[in-house]
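Have the model open as you go.

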Amino acid sequence: MTEVTIKARANGPYKVEGPVRVLDAEGNEFVLPEGSAIVLCRCGHSRTKPFCDSSHKRVGFVAADTSARVTWGQTPRV
């Protein structure tokens, strides 16, 4: 099985590499280009959600510098 990697870009989207399926709220699958990485919005301003349209640049999105370190199976505290 091919590995999937999700990388948070600095002040930008999540870059997803590897074979994934993306479904909408009704369970409909988005058609994705085969073999290409995708980028998912994390600023909340994209007009093409769940995909990034570079709105993070327009709105000046600033992400946390590092991710919270959580032991697998635990719920992170906010």
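This is a predicted model: local features need pLDDT of at least 70, side-chain atom pairs count only at pLDDT 80 or more; totals for chains, interfaces and linings use all residues.

Q: How many disulfides are found in the whole structure?
A: Start with the general idea. A disulfide is a covalent bond between the sulfur atoms of two cysteines. Here a search of the whole structure finds 0 disulfides. Cys-41, for one, is in no disulfide, and its nearest cysteine sulfur is that of Cys-43, 3.8 Å away.

Q: Is Cys-41 buried or exposed? And Cys-43, buried or exposed?
A: Buried means under 20% relative accessible area. Cys-41 has 18%, so Cys-41 is buried. Cys-43 has 16% relative accessibility and therefore counts as buried.

Q: How many cavities of 30 Å³ or more does the structure hold?
A: The general idea is a rolling probe. Rolling a probe the size of a water molecule over the atoms shows where empty space is left. This structure holds 1 cavity of 30 Å³ or more. The largest cavity has about 40 Å³ of space.

Q: Which residues line the largest cavity?
A: Cys-41 and Cys-43 are both in the lining. Gly-12, Pro-13, Arg-42, Ser-46, Cys-52, Asp-53, Ser-55 and His-56 are there too. By class, the lining has 4 nonpolar, 4 polar and 2 charged residues.

Q: What is the volume of the second largest pocket?
A: The second largest pocket has a volume of about 170 Å³. Of its 13 lining residues, the closest to the centre are Gly-18, Pro-19, Val-20, Pro-33 and Gly-35. The lining of this pocket has 7 nonpolar, 3 polar and 3 charged residues.

Q: Where is Arg-58 found, and is Arg-58 buried or exposed?
A: Locate the residue, then check its accessibility. Arg-58 is found in helix 1, which covers residues 55–59. Exposed means over 50% relative accessible area. Arg-58 has 52%, so Arg-58 is exposed.

Q: Which residues does Arg-58 touch, not counting those up to four places away in sequence?
A: Arg-58 touches His-45 and Arg-47. Arg-58 and His-45 are 13 residues apart along the chain. Their C-alpha atoms are separated by 9.2 Å.

Terms used
Residues are numbered from 1 along each chain as its sequence is written. Side-chain values use heavy atoms; hydrogens and water are left out. Helices (H or I, at least four residues) and strands (E, at least two) are DSSP runs, numbered from the N terminus. Buried means under 20% relative accessible area, exposed over 50%, partly exposed in between (1.4 Å probe, protein chains only). Contact means heavy atoms within 4.5 Å. A disulfide is a pair of cysteine sulfur atoms within 2.5 Å. On a 1 Å grid over the protein atoms alone, a cavity is a set of points where a 1.4 Å probe fits but cannot get out, and a pocket is an open set with protein on both sides within 12 Å along at least five of seven lines; lining residues have an atom within 4 Å of a point. Grid points are joined across faces, edges and corners, and a volume is the space filled by probe spheres set on the points. Ala, Val, Leu, Ile, Met, Phe, Trp, Tyr, Cys and Pro count as nonpolar, Asp, Glu, Lys and Arg as charged, and the others, Gly among them, as polar.
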